[in-house]
Number of protein chains: 2
Amino acid sequence: MKSSKKAVVLLSGGIDSVTSMFYALNKGFKLNALIFDYGQRHKRELASARKIAGIAGVSYKVVKVNFPWGGSVLLDKKSKLPHGRFMRKTIPSTYVPGRNIIFLSLGISYAEAISADEVFIGVNAVDYSGYPDCRPDFIKAFQKAVDLGIKSVVEGKKIKISVPLINLSKKEIIELGLKLGVPFKDTWSCYSGGANPCNRCDSCLIRRKGFQDAGIKDPLDR
Amino acid sequence: MKSSKKAVVLLSGGIDSVTSMFYALNKGFKLNALIFDYGQRHKRELASARKIAGIAGVSYKVVKVNFPWGGSVLLDKKSKLPHGRFMRKTIPSTYVPGRNIIFLSLGISYAEAISADEVFIGVNAVDYSGYPDCRPDFIKAFQKAVDLGIKSVVEGKKIKISVPLINLSKKEIIELGLKLGVPFKDTWSCYSGGANPCNRCDSCLIRRKGFQDAGIKDPLDR
């Protein structure tokens, strides 16, 4: 059943956020995408996000978020990216302090201002980089804070944080994206900040394994 | 007992945030203040915040936060401020969607990046403007989300959200500030955006009642 509801979707330009956007579109949501320019070394993903929003006919806003305190190799192009050790037990140096807490907060603010019903975020807790703010427990707790911290507590209208990919593997996300018509060739995953994927950072490796497991050729592979 | 811990304090330049800063200083915290330039009509408070941080010898960062979706009369100098109806049951038009959720998220990010132990915020739920994100239930739920969403979930180090004023009336906050040496003459409360307090907005009225109840003259009164 198609919905006539409104939603905000957090869009990075990577496979997960794009697939969650196409998922929401497929459900009939009227979407507004929110793209974050937060000083990421892989600024290249912003062009991907804009392009894909355009392809999908989704209007978007690009919001600058400042992390003047740093705290992540993802915010500093000169520092060394971790290579080839994804799905480790410790939290990698690409973790950005509080990133999803901040991004979700801004998404909630946007959603509240335009009376949207949901905020979509493409987090998943299976083939991920070990970030704590991608886990179901965090999302559940954050939802509770939102329910108590916005007008909903007085006026009754809640905003749901929707995480359609939370329990999917990268393989399953790619299979879902394929069904939904995600233009994988326009997505961007690499952290390194170059013009082409480095094929060595965590994000490249997770992407590669996902396409391999799904038995599909990554259109970014040459 | 004095602490040798480190904390981030969210500083607006108003009585509450300044008193919470002096409270934390008095407890011996090494402080870093975080000041938000978020398009507020009362930009005047930024000068107060900077000045008071200087007086107190607290280093600070001013961070721009963008609310391109608006949703509050506080973000639009042309719109009409509510006058003279504070402590109402409904949420006033000065409510900024998700503001404290966003500010706390940024405070947590800063605290995590510098390995601080606490984040101080001057929210209070007694003589306040009816904002849902100033209530104890919200703070408690947000704390839980933070505990699950930052490195603490893996590495054990938590960041506490400290709300020393949460159960104090404005009168009690002013009495506490007086004891702690808060320079009230340098604080700023008025929402209206003028060079002098308007004495009509909610924030001015709450301030005035606080000083009256405490039996002290507000140094900003002429």
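Colleague: What covers the buried residues of H7(A)?

Modeller: This is a predicted model, and in it the cover over the buried residues of H7(A) includes H1 and helix H6 (170-180) of chain A. The buried residues of H7(A) are Asp202(A), Ser203(A), Cys204(A), Leu205(A), Arg207(A) and Gly210(A). As a general idea for reading such a list, an α-helix has 3.6 residues a turn, so residues three or four places apart point the same way. The helix itself, residues 202-214 of chain A, has 13 residues and reaches 18 Å from its first C-alpha to its last, close to the 18 Å expected at 1.5 Å a residue. Just after H7(A), Gly215(A) takes a positive phi of about 70 degrees.

Colleague: Which residues other than glycine have a positive phi, and where do they lie?

Modeller: One of them is Ser115(A), whose phi is near 55 degrees, and Ser115(A) sits in the loop that joins helix H3 (99-113) to E4 of chain A. Ser115(A) counts as exposed because it has 10 C-beta neighbours inside 10 Å. In the other chain, Asn199(B) has a positive phi of about 60 degrees, and its place is the loop between helix H6 (170-180) and helix H7 (202-214) of chain B. Asn199(B) counts as partly exposed, with 14 C-beta neighbours inside 10 Å.

Colleague: In what order do the five strands of the open sheet in chain A stand?

Modeller: The order is E3-E2-E1-E4-E5 in chain A, and the pairing is parallel. Strand E3 (59-64) and strand E5 (160-162) of chain A stand at the edges with a single partner strand each, so one side of each is left without a neighbour in the sheet. On average, and with direction ignored, neighbouring strands of this sheet are turned by 25 degrees against each other. Strand E2 (residues 30-37) of chain A pairs with E3(A) in the parallel sense over six bridges, and Asp37(A) has Lys64(A) in E3(A) as its bridge partner.

Colleague: Which strands does helix H1 of chain A lie across?

Modeller: Helix H1 (residues 15-26) of chain A lies across strand E1 (6-10), E2 and strand E4 (118-120) of that chain, and it runs at about 170 degrees to E1(A). H1 of chain A is also among the elements that cover the buried residues of H7(A).

Colleague: How are chain A and chain B related?

Modeller: In general, two copies of a chain are related by a rotation about an axis and a shift along it. Here a rotation of 180 degrees, with 0.0 Å of shift along its axis, superposes chain A on chain B with an RMSD of 0.0 Å. The two copies are thus related as by a two-fold rotation axis.

Colleague: How many residues of each chain are in contact with the other, and what supplies the side of chain A?

Modeller: The contact involves 40 residues of chain A and 40 residues of chain B. On the side of chain A that touches chain B, E3, H3, helix H4 (136-149) and helix H5 (152-155) of chain A each supply at least two residues, and the largest share, 10 residues, comes from H3(A). By class, this side has 23 nonpolar, nine polar and eight charged residues. Since 100% of the interface residues of chain A are also interface residues in chain B, the copies meet through the same surface.

Colleague: Is Gly149(B) buried or exposed, and which residues is it in contact with?

Modeller: Gly149(B), which lies in helix H4 (residues 136-149) of chain B, is buried because 27 other C-beta atoms lie within 10 Å, and the cut-off for buried is 20 or more. Leaving aside neighbours within four places in sequence, Gly149(B) is in contact with Asn100(A), Ile101(A), Pro132(A), Asp133(A), Phe138(A) and Phe142(A).

Definitions and conventions
Residues numbered from 1 in each chain as written. Chains lettered and ligands numbered in written order. Predicted model: local features only at pLDDT ≥ 70, side-chain atom pairs only at ≥ 80, totals over all residues. Least-squares fit on C-alpha atoms with pLDDT ≥ 70 in both. Contact = placed C-beta atoms within 7 Å. Pairing = 2+ DSSP bridges. Helix = DSSP H or I, 4+ residues; strand = E, 2+ residues; numbered from the N terminus. Axes fitted to C-alpha atoms, helices over the stretch in contact; angles between N-to-C directions. Buried ≥ 20, exposed ≤ 12 C-beta atoms within 10 Å, placed from the backbone. Expected span 1.5 Å × (residues − 1). Nonpolar A, V, L, I, M, F, W, Y, C, P; charged D, E, K, R; others polar.
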